[in-house]
Structures are given as structure tokens and as C-alpha cells.
Amino acid sequence: MMLRGSVVGRYYGAEVTVVEDDGRPARFTWNGRVHGVRRILDHWVTLRMDWTPVSGSQVPERRHWRVEAGTPRGVYELRHDTASETWLLSRVWG
């Protein structure tokens with residue numbers, strides 16, 4: 001059921017390759033295509049709740065970036081897992 005005015009986007013969870021510029025995503029490769037980030041729309045950090053503490057270690061973060069990218073332009077949500085150093089494409093709004 002869609003609520004009036006809500007925009008959900010399509011969920012992917014696909015691993016992507018990201019090139020960073022000063023810690024921010026500058027471009028990413030998904031399905032063989034390079035998408036240049038035109039602007040960052042939002043950024044937030046969450047903590048991994050499935051993490052098992054090890055003495056002296058920090059809680060791994062998941063850094064989320066909502067960006068406008070590509071040609072034609074679209075909105076993409078990228079997620080960087082600091083523990084595994086992997087990037088995922090979480091959502092796409094066409």
C-alpha cells in the first residue's frame with residue numbers, strides 16, 4: 001500500500017565500486033556503467049547492531065549517502081560499511 005505523497009524507491013542491495021573524494025562518493029560503477037555523482041542530497045550514519053565487540057575495537061558504522069547521479073539523472077542511496085569496507089547500492093529512485 002502506498003501512502004499519498006510517499007516515495008519508496010526500488011531496493012537493490014547490490015555491491016558497487018565507489019571512487020571517493022575526501023571521504024565522499026564521487027562516482028560509482030553499477031551494472032557495468034559509471035555514474036558520476038552530481039550532488040550529495042543527504043548523509044547519515046548508523047551503527048551496526050549485529051556487531052560483536054572485541055577489546056579496544058570501535059563500533060562499525062554504516063555511512064549512508066543519498067546522491068543525485070548519472071545520465072539521465074537519478075537518485076541513488078549508497079551505503080558504506082566501515083567494518084568490511086564494502087559499498088552497496090541500497091535504493092534507486094528513477
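User: Where is Pro72 found in this predicted model?

Analyst: Strands here are DSSP runs of E, at least two residues, and helices are runs of H or I, at least four, numbered from the N terminus. Thr71 and Pro72 are joined by a cis peptide bond, with omega about 0°. Pro72 is found in the loop between strand S4 (61-69) and strand S5 (74-81).

User: What are the limits on the values?

Analyst: Residues are numbered from 1 along each chain as its sequence is written, and side-chain values use heavy atoms, leaving out hydrogens and water. The model is predicted: local features need pLDDT of at least 70, side-chain atom pairs count only at pLDDT 80 or more, and totals for chains, interfaces and linings use all residues.

User: Is Glu85 buried or exposed?

Analyst: Glu85 lies in the loop between S5 and S6. Its phi is positive, about 60°, although Glu85 is not a glycine. Buried means under 20% relative accessible area, exposed over 50%, partly exposed in between (1.4 Å probe, protein chains only). At 52% relative accessibility, Glu85 counts as exposed.

User: Which residue in S6 stands opposite Val16?

Analyst: Strands pair if DSSP finds at least two bridges between them. S1 (residues 10-21) and S6 (residues 86-93) pair in the antiparallel sense over five bridges. Opposite Val16 stands Trp87.

User: What is the phi of Asp22 in the turn of the S1 and S2 hairpin?

Analyst: S1 and S2 (residues 24-30) run antiparallel, joined by five bridges. Two residues lie between them in the hairpin. Asp22 counts as exposed because its relative accessibility is 75%. Asp22 is not a glycine, yet its phi is positive, at about 55°.
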